[in-house]
Amino acid sequence: MRSDGKRVYAADFKAELVRQCLIPGTSVAATAMAVIGLPSGTRVWIAACHTDLRKGFDGLAAQVQTALAANPHSGHVFVFRGRRGDIIKVLWSDGQELLLLAKRLENGRFVWPQATSGSVWLTPAQLSMLLEGIDWRMPARTWRPEMVV
């Protein structure tokens with residue numbers, strides 16, 4: 001109950017919290033990665049193959065160890081995509097615990113490498129573009145620089 005006697009529902013509280021915490025013009029996932037702030041030297045690894053997104057922390061950590069031959073607790077970011085390409089999951093360890101983020105695009109698909117196995121690494125800037133649904137392989141400028149003189 002609020003002080004004015006009205007009930008507060010959990011869904012309304014969560015929606016208001018998300019609205020207050022969002023960086024204008026970005027998604028919740030991009031805001032979470034920006035607020036968390038990746039340490040310098042962190043690599044972002046994309047699993048090139050399709051992943052069963054029913055997997056949670058343990059299943060994705062096991063896939064990092066087997067398919068990518070990496071340590072899920074290394075501090076690097078690991079990104080997985082489902083078969084349809086409209087949902088991704090991001091697995092990251094900050095040294096104390098694992099963080100699992102999921103994002104679904106309402107329209108379109110996430111841009112993914114053409115490789116069918118292995119992994120590809122991205123910069124944190126390319127990860128931000130990926131999370132926003134932008135083609136991270138060849139971003140296009142919205143304006144062209146002009147001569148000053």
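This is a predicted model: local features need pLDDT of at least 70, side-chain atom pairs count only at pLDDT 80 or more; totals for chains, interfaces and linings use all residues.
First, the ground rules. Local features need pLDDT of at least 70, and side-chain atom pairs count only at pLDDT 80 or more, while totals for chains, interfaces and linings use all residues. Residues are numbered from 1 along each chain as its sequence is written, and side-chain values use heavy atoms, with hydrogens and water left out.

Overall picture. The protein has four helices and five strands. Helices here are DSSP runs of H or I, at least four residues; strands are runs of E, at least two; both are numbered from the N terminus. Along the sequence the pattern reads α-α-β-α-β-β-β-β-α. Of the 149 residues, 31% count as buried. Buried means under 20% relative accessible area, exposed over 50%, partly exposed in between, with a 1.4 Å probe and protein chains only. Now contacts, meaning heavy atoms within 4.5 Å. Among those with a separation of 6 or more, 58% join residues 24 or more positions apart.

Next, the sheet. It is open, with five strands in the order β4-β3-β2-β1-β5, and the pairing is mixed. Two strands pair if DSSP finds at least two bridges between them. Which strands stand at the edges? They are β4 (98-104) and β5 (119-122). Each has a single partner strand, so one side of each is left without a neighbour in the sheet. From one strand to the next, the twist averages 25°. Axes are lines fitted to C-alpha atoms, for helices over the stretch in contact; angles run from 0 to 180 degrees between N-to-C directions. Helix α4 packs on the sheet and touches β1, β2, β3, β4 and β5. Its direction makes about 105° with that of β5.

Let me zoom in on β2 and β3. They run antiparallel, joined by five bridges. R81 stands opposite I88 in β3. Strand β2 also holds F78. F78 is buried, at 1% relative accessible area. What does F78 touch beyond four places in sequence? The list is W45, V64, L68, A70, N71, P72, K89, V90 and L91. F78 and A47 are 31 residues apart in sequence, yet 7.2 Å apart in space, C-alpha to C-alpha.

On to the cores. A nonpolar core is a set of buried Ala, Val, Leu, Ile, Met, Phe, Trp, Tyr and Cys residues joined through side-chain atoms within 4.5 Å. The largest has 18 residues, and V79 and L130 touch the most other members. At least two residues each come from β1 (44-50), β2 (77-81), β3 (87-93) and α4 (124-131). Helix α4 gives the most, with four. Leaving aside neighbours within four places in sequence, L130 contacts I46, V79, F110, V111, W112, L122 and W136. Another core, of nine residues, lies apart; A47, L53, V64 and L68 are among them.

Last stop, helix α3, residues 57-66. Its buried residues are L60, A61, Q63 and V64. The face turned away carries the exposed residues D58 and T66. Cover for the buried residues of α3 includes β1, β2, β3 and β4.
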